[in-house]
Amino acid sequence: MSLPQMSPQYQQHLLDFETLLLSKQTAIEAWFRAQWRRHKPPFYGSVDIRNSGYKMSSIDMNLFPGGFNNLNPRFSPLAAAAATDAVERACETARSVLIVPENHTRNTFYLENVYALSNILRQAGFEVRLGSLNPDITEPTEYQTALGNTIVLEPLQRTRGRVHLADGFSPCLVLLNNDLSGGVPEILQDLAQTVLPPLHGGWTTRRKTAHFAAYNQVAAEFAELAGIDEWQINPYFERISGLDFHEREGEDALAEAVERILAKIQAKYDEKGIPDAPFVIVKADAGTYGMGVMSVKSADEVRGLNRKNRNKMATVKEGLAVSEVIVQEGIYTYETLGGAVAEPVVYMIDRFVVGGFFRVHEGRGADENLNASGMRFVPLGQNMPQTDSSADDPDTLAGSKRVFEQWETLGAPDGKQMGDCESNRLYVYGVMARLSLLAAAIELEQTAP
């Protein structure tokens with residue numbers, strides 16, 4: 001198997017960073033164990049990571065991950081063991097799980113994700129059924145997934161504070177694979193059952209800036225432990241509210257925030273001797289699927305948005321208007337596969353890494369958002385796959401068509417090799433992902449109603 005190629009200009013920066021973390025592996029793992037005693041991890045999550053060689057960090061954390069169909073079936077026992085731990089934390093005597101998926105049923109790759117997630121839980125020994133919020137589903141209905149598998153969606157019902165299916169199936173754990181972008185439906189409110197992730201983790205109330213505020217705390221503590229500059233693992237950010245992209249309201253405040261972040265990045269680049277041009281990512285403070293995102297290198301770009309780009313930024317999933325954004329330091333991705341820019345996406349259940357893939361986009365540059373139509377999911381150590389033509393939900397696309405040739409030990413570091421070694425690189429990815437998972441745990445604690 002082979003690693004993505006890192007830009008030769010920054011290869012040594014990356015190797016130095018990896019070597020440092022590997023030398024402190026014992027202390028790092030002990031620190032994580034202590035953190036998980038203090039903070040309950042989310043049920044699951046996926047983390048997008050950017051790696052420029054001189055800087056590596058999580059840039060987004062999804063608490064309702066799709067894309068379980070992209071994980072290598074060979075590691076299903078590991079995912080099932082993690083799921084066992086996660087379910088038992090929520091309900092010690094649980095024998096079954098009720099999954100509530102997204103409403104969209106035409107995206108067969110998303111349905112494949114639901115099928116894969118269900119199988120992980122079944123392998124863990126739980127009975128699994130699917131309760132849909134979709135008002136068009138009024139009776140048990142079969143759907144075919146992208147790979148020809150079959151799932152059955154049943155209408156979700158509620159009686160005396162419990163959700164259930166028509167035959168009375170009503171387990172103690174309700175697992176959401178629905179990010180609640182359209183709001184929290186009344187049927188899920190004030191339930192006697194445990195709902196995970198919790199309702200306040202949905203995009204109705206969750207904000208990316210709240211996550212990265214918690215990440216600031218985690219990154220500072222980890223940087224002290226590892227003996228590194230916190231900036232190496234933590235992007236600058238600001239939150240701007242009161243925006244209306246259609247009416248150009250809040251444009252000056254946004255431009256000023258862009259200027260401030262660009263200046264902070266430039267100062268750090270000057271300190272480190274980095275010749276790159278700073279850029280920022282402006283994205284909706286709530287939302288997913290790579291919607292409402294733009295890459296900016298000057299404040300003038302924000303002030304001069306044309307109608308097309310204003311429309312692009314004005315709404316996200318479910319047609320929700322964007323009035324708040326996060327202005328986040330952009331991190332170049334200097335890893336490439338087949339000549340195309342790539343970024344790792346790491347999946348976790350409970351506190352365990354259970355898989356991942358590289359998101360690759362031939363049509364995007366090193367300073368652009370890769371979570372967009374036309375991207376590819378590339379198995380490690382294999383040739384570039386064919387482009388998927390059905391891209392509409394970026395987390396759940398045609399990676400399901402390919403077996404993910406994952407690392408043999410899911411990123412266990414090789415202490416005998418301190419050079420450019422795949423298992424070492426993947427261990428470092430896993431550390432970055434778990435930092436974001438820990439931040440999510442703290443974020444959920446801090447924002448609990």
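In β19, Arg 376 is the bridge partner of Val 360; strands here are DSSP runs of E with at least two residues, and helices are runs of H or I with at least four, both numbered from the N terminus. The model is a predicted one, in which local features need pLDDT of at least 70 and side-chain atom pairs count only at pLDDT 80 or more, while totals for chains, interfaces and linings use all residues. Residues are numbered from 1 along each chain as its sequence is written, and side-chain values use heavy atoms, with hydrogens and water left out.

The pairing of β18 with β19 is antiparallel and runs over three bridges, where two strands are taken to pair if DSSP finds at least two bridges between them. β18 also runs antiparallel to β17, and nine bridges join these two strands. Within that pairing, Val 345 stands opposite Phe 357 of β18. β17 and β18 form a hairpin with two residues between them, and Asp 350 in the turn has a positive phi of about 55 degrees. Nine of the 10 residues of β18 are buried, so this strand is largely enclosed by the rest of the structure; buried means under 20% relative accessible area, exposed over 50%, and partly exposed in between, with a 1.4 Å probe and protein chains only.

Asp 350 forms one with Arg 89, and the closest N and O atoms are 3.1 Å apart. Asp 350 lies in the loop between β17 (340-349) and β18 (352-361), and Arg 89 in helix α3 (residues 76-90), so the pair ties together parts that are 261 residues apart in sequence. Asp 350 is buried, at a relative accessible area of 1%, whereas Arg 89 is partly exposed at 34%.

A further salt bridge links Lys 297 and Asp 367, again with the closest N and O atoms 3.1 Å apart. Lys 297 sits in the loop between β14 (293-296) and α7 (299-303), and Asp 367 in the loop between β18 and β19 (376-378), so this pair ties together parts 70 residues apart in sequence. Lys 297 is partly exposed, with a relative accessible area of 38%, and Asp 367 counts as buried at 17%.

Asp 300 counts as exposed at 56% relative accessibility, while Arg 303 is partly exposed at 30%. Elsewhere, a network of salt bridges links Asp 48, Arg 50, Glu 343 and Arg 359. The count of salt bridges comes to 27.

Attention now turns to an open sheet of four strands, in the order β12-β15-β13-β14, with antiparallel pairing. Its edge strands are β12 (237-240) and β14, each of which pairs on one side only. Neighbouring strands of the sheet are turned by 20 degrees against each other on average, direction ignored. β12 pairs with β15 (residues 325-329) in the antiparallel sense over four bridges, and the bridge partner of Ile 240 in β15 is Val 325. Helix α6 (residues 251-272) packs on the sheet and touches β12, β13 (280-284), β14 and β15, with a direction at about 175 degrees to that of β12. Axes are lines fitted to C-alpha atoms, for helices over the stretch in contact, and angles run from 0 to 180 degrees between N-to-C directions.

Among the helices, α3 and α4 (residues 108-123) pack at an angle of about 75 degrees with their axes 8 Å apart. They are therefore roughly perpendicular to each other, a class covering 65 to 115 degrees, with angles under 35 counted as roughly parallel, over 145 as roughly antiparallel and the rest as oblique. The contact is made by Ser 76, Pro 77, Ala 79, Ala 80, Ala 83 and Val 87 of α3 together with Ile 120, Leu 121 and Gln 123 of α4, contact meaning heavy atoms within 4.5 Å.

For the chain as a whole, there are nine helices and 19 strands. Buried residues make up 59% of its 449 residues.

Methods:
A salt bridge is a side-chain nitrogen of Lys or Arg within 4 Å of a carboxyl oxygen of Asp or Glu.
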